[in-house]
Amino acid sequence: MIKKIAILCAGLLCFVGNLYAVTDGNMAKLTQDAMEILESNRCLVCHAIDGKKKVGPSYFGVYGKKIKVKEGGVEKEVLVDDRYLKDAIIEPNKEILVGYPANMMKSYKDILTPEEISTLIEYFKILK
Ligand code: HEC
């Protein structure tokens with residue numbers, strides 16, 4: 001009986017351990033895929049991933065934050081979510097982050113695939 005429980009527990013530990021390994025692996029893969037996109041498209045020339053301000057804002061910890069943007073000259077508060085980030089990449093001059101210059105970033109609408117944009121957004125979510 002004790003032996004059976006021991007085997008069961010070991011099996012359970014192994015299962016939990018595997019679950020962790022899978023999520024760690026997924027995060028490593030996501031980071032690697034996103035970094036490839038950011039590097040090959042030179043996003044990192046203007047954006048840091050460690051919180052430092054460059055020409056553009058850092059991606060670190062932005063997801064879920066409320067920020068101030070100007071749209072058509074009018075200042076408003078928006079939530080950094082999937083919608084905002086997607087628009088920031090495909091239509092960067094629609095909502096301009098307050099404190100940063102307009103017309104610096106070009107549209108990546110015809111440069112990045114929808115899958116690449118999703119990968120970036122998923123990566124920004126875990127970057128904190
Ligand atoms: C020439 C410099 C430059 C390059 C290259 C550039 N950006 Fe930007 N980006 C900016 C600036 C400046 C802003 C802030 C002004 C604005 O809202 O457009 C910005 C804003 C953003 C935002 C909104 C972030 C926030 O916190 O509000 C995202 C997301 C973004 N860029 C993604 C990208 C991605 C992805 C790439 C590469 C595919 C890229 N950028 C390339 C300059 C750049």
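A crossing of two helices is termed left-handed if the near helix is turned anticlockwise from the far one by less than a right angle, and right-handed if clockwise. The structure shown is a predicted model, in which local features need pLDDT of at least 70, side-chain atom pairs count only at pLDDT 80 or more, and totals for chains, interfaces and linings use all residues. Residues are numbered from 1 along each chain as its sequence is written.

**View 1. Packing of helices α2 and α3.** α2 passes α3 in a right-handed crossing. Helix α2 spans residues 82–90 and packs against α3 at an angle of about 130°, the axes being 10 Å apart. Axes are lines fitted to C-alpha atoms, for helices over the stretch in contact, and angles run from 0 to 180 degrees between N-to-C directions. The angle therefore makes α2 oblique to α3; angles under 35 degrees count as roughly parallel, over 145 as roughly antiparallel, 65 to 115 as roughly perpendicular and the rest as oblique. On α2 the contact is made by Asp82, Leu85, Lys86 and Ile89, and on α3 by Ile117, Ile121 and Phe124 (contact: C-beta atoms, placed from the backbone, within 7 Å). By class, 5 of these residues are nonpolar, none polar and 2 charged (Ala, Val, Leu, Ile, Met, Phe, Trp, Tyr, Cys and Pro count as nonpolar, Asp, Glu, Lys and Arg as charged, the others, Gly among them, as polar).

**View 2. The largest nonpolar core.** This core has 7 residues: Ala34, Tyr59, Tyr63, Val80, Leu120, Tyr123 and Phe124. Helix α3 (residues 114–126) supplies its largest share, 3 residues. A nonpolar core is a set of buried Ala, Val, Leu, Ile, Met, Phe, Trp, Tyr and Cys residues joined through C-beta atoms within 7 Å. A residue is buried if 20 or more other C-beta atoms lie within 10 Å of its own, exposed if 12 or fewer, and partly exposed in between, with C-beta atoms placed from the backbone. Beyond its neighbours within four places in sequence, Tyr123 is in contact with Leu30, Thr31 and Ala34.

View 3. Ile96 belongs to strand β3 (residues 95–97); helices (H or I, at least four residues) and strands (E, at least two) are DSSP runs, numbered from the N terminus. Ile96 is buried, because 21 other C-beta atoms lie within 10 Å. Residues up to four places away in sequence aside, Ile96 touches Val69, Lys70 and Ala102. The C-alpha atoms of Ile96 and Val69 are separated by 5.1 Å, with the two residues 27 apart along the chain.

Note on methods: Contact = placed C-beta atoms within 7 Å.
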